[in-house]
Amino acid sequence: MDTEIIQSIYAHASWANAKLFDTAAELTAAQLGRAAANSESIFDLLVHLVDVQRVWLARAQHKLAPPLDDAACATLAALRTAWKTVDDASRTYVAGLRADD
């Protein structure tokens, strides 16, 4: 496994996700909560982003992710905190990968 490529890909994904949260913070609550015709709201998509990242990390570590706490999804600020927690844990995991993993 080429750990440098995986670390680089994850660093870019982390940067992009941070930009998504930065942009979402500029929206009104109504804009965040509005769903398009065939899509979820921006807020719901961010909840999905956090939950998927949690599940991905747990699976990579051969664990089960507990359900996402409702309080972690109550507001954009709380959701960003939840994302930061899982992002930090993911960065630590990816940084510790070895070629033989």
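The axes of H3 and H4, lines fitted to C-alpha atoms over the stretch in contact, come within 10 Å and cross at roughly 25°. Angles here run from 0 to 180 degrees between N-to-C directions. H3 and H4 are therefore roughly parallel to each other, a term for angles under 35 degrees, while those over 145 count as roughly antiparallel, 65 to 115 as roughly perpendicular and the rest as oblique. Their crossing is left-handed, that is, the near helix is turned anticlockwise from the far one by less than a right angle.

The model is predicted: local features need pLDDT of at least 70 and side-chain atom pairs pLDDT 80 or more, whereas totals for chains, interfaces and linings use all residues. Residues are numbered from 1 along each chain as its sequence is written, and side-chain values use heavy atoms, with hydrogens and water left out.

The protein has 4 helices and 0 strands, in the order α-α-α-α along the sequence. Helices (H or I, at least four residues) and strands (E, at least two) are DSSP runs numbered from the N terminus. The C-alpha trace spans about 50 × 25 × 25 Å along its principal axes.

| Pair | Axes come within | Crossing angle |
|---|---|---|
| H3 and H4 | 10 Å | roughly 25° |
| H1 and H4 | 11 Å | roughly 170° |
| H1 and H3 | 11 Å | roughly 150° |

Contact means heavy atoms within 4.5 Å. Between H3 and H4, the residues that meet include Phe43, Leu46, Trp56 and Leu57 of H3 and Leu79, Trp83, Val86 and Tyr93 of H4. This contact divides into 16 nonpolar, 2 polar and 2 charged residues. Ala, Val, Leu, Ile, Met, Phe, Trp, Tyr, Cys and Pro count as nonpolar, Asp, Glu, Lys and Arg as charged, and the others, Gly among them, as polar.

H1 (residues 3-24) crosses H4 at roughly 170°, and the two are therefore roughly antiparallel. Among the residues in this contact are Ile6, Tyr10, Phe21 and Asp22 of H1 and Leu76, Arg80, Trp83 and Arg91 of H4. By class it has 11 nonpolar, 4 polar and 4 charged residues.

H1 and H3 are likewise roughly antiparallel, therefore, at their angle of roughly 150°, and H1 passes H3 in a left-handed crossing. Tyr10, Asn17, Leu20, Phe21 and Ala24 of H1 meet Leu46, Leu49, Val50 and Gln53 of H3. The contact of H1 with H3 holds 7 nonpolar, 2 polar and no charged residues.

The largest pocket has a volume of about 180 Å³. A pocket is an open set of points on a 1 Å grid over the protein atoms alone, where a 1.4 Å probe fits, with protein on both sides within 12 Å along at least five of seven lines; lining residues have an atom within 4 Å of a point. Points are joined across faces, edges and corners, and the volume is the space filled by probe spheres set on them. H3 (42-60) and H4 (76-95) each supply at least two lining residues, and H4 gives the most, with 4. The lining includes Arg54, Leu57, Lys63, Pro66, Ala82 and Val86. It divides into 8 nonpolar, 2 polar and 2 charged residues.
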